[in-house]
Amino acid sequence: MKLPYSYYQNQDVVFLAKDLLGKVLFTEIEGNITAGIIVETEAYFGVMDKASHAYGGRRTDRTEILYNDGGLSYVYLCYGIHHLFNIVSSVKDEHHAVLVRAVEPLIGTEIMELRRNMPVSKAAISSGPGSAAKALGIDRSFNTKDLTGEEIWIEDHNIRYTPDEITARPRIGVAYAQEDAFLPWRFFVKGNKYVSKPNK
DNA sequence: CAGAGGATGTGCT
DNA sequence: GCACATCCTCTGG
């Protein structure tokens, strides 16, 4: 049920970003389990991708995590406010990651409502990378955690989407990446209300 | 050691 | 639709 270490060693991060749609992301914090179905992701293609934090082999304290083998979480703070959760899928000299941009609340929804201070009926509860992380209780203390461990993990609940149920679009907020900003490496489930805007 | 800026969300207009 | 919150990280001096 829990995705194994080997799953995260897949070198095709674009495939992985698509394959993660429908997988279920869990966290357990002080005995509270929450989980959501991943409905929106973005692929970041290692050293070749100007939008990636590992572009050009860039290596700093923050990005050091990307230079480990896959199967770790990469959480960093954006705009001083939002925690963004990534799945590291690096192997050898390929330092890839997948950003989880939205989840559909599945388990522990009342806990998510407390964390987000809004009813689960509102799509904004877990729509967008900052909100999805907050709903699941993910903050920077989750950085570098093992995704096959006891605090954060991903399960396959046999939810499958057909190719025509998935939309590919350019990634959000990466205008600085020049020509790479146009790559259609944002994937989301068509019509799912928890997908962040723009969702068409 | 200071300063700028960022893979965004919210609330007000 | 737009302003602004808020702070870590990287860069340059």
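Of the atoms of DNA strand B within 4 Å of the protein, what percentage belongs to sugar or phosphate? In this predicted model, the share is 51%, and the rest belong to bases.

## Around DNA strand B

Let's start with the protein residues that surround this strand. There are 20 residues around DNA strand B, and H82, N86, R116, G128 and Y176 come nearest. Sorted by kind, the surface near DNA strand B has ten nonpolar residues, nine polar ones and one charged one.

The backbone takes part at G80, where an N or O atom lies 3.4 Å from a base nitrogen of DNA strand B. At S131, a backbone N or O atom is 3.5 Å from a phosphate oxygen of DNA strand B. Two elements, β4 (82-88) and α3 (129-135), each give two or more residues to the surface near this strand.

## Around DNA strand C

The residues around DNA strand C are R58, T60, R62, L77, Y79, G80, I81 and R140. Of the atoms of DNA strand C that come within 4 Å of the protein, sugar and phosphate account for 79%. The surface near DNA strand C is made up of three nonpolar, two polar and three charged residues.

Where does the side chain of R58 meet DNA strand C? One of its N or O atoms is 2.9 Å from a phosphate oxygen. R62 has a polar backbone atom 3.5 Å from a phosphate oxygen of DNA strand C. With Y79, a polar backbone atom is 2.5 Å from a base oxygen of DNA strand C.

Methods. Residues numbered from 1 in each chain as written. Chains lettered and ligands numbered in written order. Predicted model: local features only at pLDDT ≥ 70, side-chain atom pairs only at ≥ 80, totals over all residues. Heavy atoms only, no water. Near = heavy atom within 4 Å. Polar contact = N/O pair within 3.5 Å; in protein donor to acceptor, adjacent residues only side chain to side chain. Helix = DSSP H or I, 4+ residues; strand = E, 2+ residues; numbered from the N terminus. Nonpolar A, V, L, I, M, F, W, Y, C, P; charged D, E, K, R; others polar.
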